[in-house]
Amino acid sequence: MQLWFARGSEVTIREQLVTQVILGILSDDLAPGQRLPSTRELARRFRLHPNTVSAGYRQLELRRDLPVCRPMNTRLKADG
């Protein structure tokens, strides 16, 4: 899954991350059991603050309609 962030956007980086992961799940770009980038890896790769990435992952984890495991940055649930 490719991620892309628009820093000058009115949409926060956290919301951009959440939206892209949701779209990745819905479009099957993220398969059940697939590993997601760690908070540190994503922050380093895109020069984001780790707290921003953590907040996005926490927001995804709180959604009951998404197949995510705890810890969020490990992998998606295999059973959907």
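In which helix is the confidence of the chain lowest, and in which is it highest?

1. In this predicted model, confidence is lowest in H3, at a mean of 91, and highest in H2, at 94. The score is pLDDT, the predictor's confidence in each residue, from 0 to 100. For the chain, the mean pLDDT is 84, and 79% of residues reach 70 or more. Where pLDDT is low, the predicted coordinates should not be read in detail.

2. Residues are numbered from 1 along each chain as its sequence is written, and side-chain values use heavy atoms, without hydrogens or water. As the model is predicted, local features need pLDDT of at least 70 and side-chain atom pairs count only at 80 or more, while totals for chains, interfaces and linings use all residues.

3. Helix H3 spans residues 50-62 and has 13 residues; helices are DSSP runs (H or I, at least four residues), numbered from the N terminus. From first C-alpha to last, H3 reaches 18 Å, close to the 18 Å expected at 1.5 Å a residue, where the expected span is 1.5 Å times one less than the number of residues.

4. Val 53, Gly 56, Tyr 57 and Leu 60 of H3 are buried, whereas Asn 51 and Leu 62, on the other side, are exposed. Buried means under 20% relative accessible area and exposed over 50%, with partly exposed in between (1.4 Å probe, protein chains only). The buried residues of H3 pack against helix H1 (13-26) and helix H2 (39-46).

5. Leu 17 lies in helix H1 and is buried, with a relative accessible area of 3%. Beyond its neighbours within four places in sequence, Leu 17 is in contact (heavy atoms within 4.5 Å) with residues including Leu 42, Val 53 and Gly 56.

Terms used: Helix = DSSP H or I, 4+ residues; strand = E, 2+ residues; numbered from the N terminus.
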